[in-house]
Amino acid sequence: MLLDLGHIAAQFPSQGYFNLPHISFMFKPAHYKVVKVDSMWLAWPVTFVIFPKRMRDRSSNVVPAEKDLLSSFTTIKTVMNNLYDGLAEVLLCLLKNADTRENVLEYLGEVVNKNSSRAHIQVDPISCASSGMFVNLSAVMLRLCEPFLDAHLTKRDKIDPKYVFYSTRLDLRGLTALHASSEEVAEWLGNENPLKTDVSKHQNDVENRSQQSQEATSSGSNGGGPSFLHNKPMSSCGGKAKYTFICECFFMTARVLNLGLLKAFSDFKHLVQDISRCEDTLSTFKAMQGQAPSPQLEQDIARLEKEIELYSQEKLCYEAQILRDGDLLHRALSFYRLMVVWLVGLVGGFKMPLPLTCPVEFACMPEHFVEDAMELLIFASRIPKALDGVLLDDFMNFIIMFMASPNFIRNPYLRAKMVEVLNCWMPRRSGSSVTATLFEGHQLSLDYLVRNLLKLYVDIEFTGSHTQFYDKFNIRHNIAELLDYLWQVPSHRNAWKQIAKEEEKGVYLNFVNFLINDSIYLLDESLNKILEHKELEAEMSNRVEWEQRPVQERQERTRLFHSQENIIRIDMKLANEDVTMLAFTSEQITAPFLLPEMVERVASMLNYFLLQLVGPQRKSLSLKDPEKYEFRPKQLLKQIVNIYVHLARGDKENIFPAAITRDGRSYNEQLFSAAADVLRRIGEDGSIIQEFIELGAKTKIAASEAMDTEATLGEIPEEFLDPIQFTLMTDPVILPSSRHTVDRTVIQRHLLSDSTDPFNRSHLTADMLIPNLEMKAKIEEFIRSQQLKRET
């Protein structure tokens, strides 16, 4: 193995090992990748493995002190950066040399293309290079990018988006695009150059590429960086594209980071999840061992403890090489700042609203360009002080512009990841005053952040994934936390109220509808699970009967018990967030809740919650440790009652009491007095209790009036009944496709969650409804005639 590359070879002793306090390094010469570059040989380190000494010496019980571990981390960082600097210097020398430049670029392109499967969740270590090699390469490529990562990004115009389509160095066209399908990309290429039926075949001439590369990368120096990096803009000769080195380096670095540093972040995240799962399982097994000891459980516990130890060792390796290297993270953040600024330039710059149509160049960019930027921001945001000194405004602008723009970024999960970034930046979570200015002193944020969060909250209902029903709760959890924070900021709260007024029957009404849907589902699931959990708890507490059951059954029931604990805790946490949002928004925004298509839905939800919390079954929901499950019935009752009172205050037409009484499933006038008694005992504000009691009195009157009306109308002809709710129609409309006649309020409520005709699933929107004036006249005549009969 040739290691005659100056100070790089000097980094490693001939035997491949060297020691530092509490750390042993092992460099594996057998894993060198040797590449011929004309008359030179380049030995590239494929694997650089770091083993904390404690990890290798299993016989030792000595765990290094924290200060020794930190010292070792610092030493590792120094050694690794020496390695990165040395490798970068070697590549720089080779790239400056016209005789070797093309071969080096060809080698880097082949490294990326041959290892493209590293992007998969499971990576074959036989057919792919190691993570160590690609993390090293990531660090080196970032160093090569430094000359065009200046604060003003003055060289970004040298990056040509057409490289994605026409470059034969990297295989980029097969990657998932931000918005365009592969068919759309092919069609655009055909329209762009109809004589080229096969771009890749047309440009598959290595000698021509070599000539192009030499011309494109040769230029004079421009102080501050290597001379070969400052190139002329791309040009064309004989119809064949040429690209500056800046352009080539930009796209190569993006691919290397995707397969290297970002893949390492992903692997680290999965490793942490594996450790957490093992620890949870270990806790469950230990509890089962206490309930029903068995030799198999002892073996399982020992196996898990060993797995956790190995995982923890691996976690330390990641921490040593990546998490502790602030310089590496800052370089990567600078690169992705260039990425987002360049991408925004493809759509006309940082301005809103976005163009009506998505530019083809933007639509065809690889999706991972944006995903990697978001993943890096999330990862760095969770490392203390990692964002210090990083310019975040451009990232903030990018996120606000695109998180609610499915016409530009098709993947809803990628747009949801942008919300996760913002969630990490909330001042109360980041602990940084820098991020506070992004929310409270940032013009694009003040103008569009709340609007786009509400829109994404609605859009995420349908992701197209088979797991969309469950995915939406996690995504909306992040949105809810952000909205809760923004409501506390006066400027954002004012923007929120203005949006609710402008979009009263648009996106805001859809937001309220989905918020109510989620609240009902989550709280109902939580309360039902609590009842099941209590039954299981009672089984296990009866020691005599429990011990008589088979061991396997006891183990399965114990596992179910711990699983239910987690489900209840998660569902209750999400339900609490939704009810809290309903409570604080309804205090100042009541109009959408009182619309005809919404008011009965809101009333039914509140009645159901009230029945569960103060009805006959409330005692069955008592838990030994309710806080453990995020179950706070007193706080929940206060919030429900506050929503009742808020809507009653905004009810200028006195429609809310009648809507409450029309709920035949949960409404009971006695629940109001029962709730008032509980509120007095737990110290709720007296004025709130009084307003709630007054609302109860109004509902009692409304219930009496409804009974009188029902008696007056008698038996209603079936043709006058809405076929969905079987209630008397007040504003009948015809569905254009199925031709059924339904009540406008009922079908509008359906359309809030599902934009299809309920009878044949064809597309349907509110503006397509056809008033059935003839039916309405018949119904009005029927009501008049029944009233006359009653009077006579």
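1. Let's start with F511: leaving out residues up to four places away in sequence, F511 touches L454, Y457, V458, L483, W496 and M581, where contact means heavy atoms within 4.5 Å. Apart from it there is another core of 8 residues, including M288, L297, I301 and I308. A nonpolar core here is a set of buried Ala, Val, Leu, Ile, Met, Phe, Trp, Tyr and Cys residues joined through side-chain atoms within 4.5 Å. Buried is under 20% relative accessible area, exposed over 50%, and partly exposed in between (1.4 Å probe, protein chains only).

2. A word on the source: this is a predicted model, with local features needing pLDDT of at least 70 and side-chain atom pairs counting only at pLDDT 80 or more, while totals for chains, interfaces and linings use all residues. Residues are numbered from 1 along each chain as its sequence is written, and side-chain values use heavy atoms, with hydrogens and water left out.

3. Back to the largest nonpolar core, which has 210 residues: F251, F402, W425, W496 and F511 touch the most other members.

4. Now R749, which sits in helix α31 (residues 744-751); helices are DSSP runs of H or I, at least four residues, numbered from the N terminus. R749 is buried, at a relative accessible area of 15%. Not counting residues up to four places away in sequence, its contacts are P596, E597, E600, R601 and Q725.

5. Finally, the α15 and α17 pair. E367, V370, E371, M374, E375, L377, I378 and S381 in α15 meet L414, K417, M418, E420, V421, C424 and W425 in α17.

Conventions: Helices (H or I, at least four residues) and strands (E, at least two) are DSSP runs, numbered from the N terminus.
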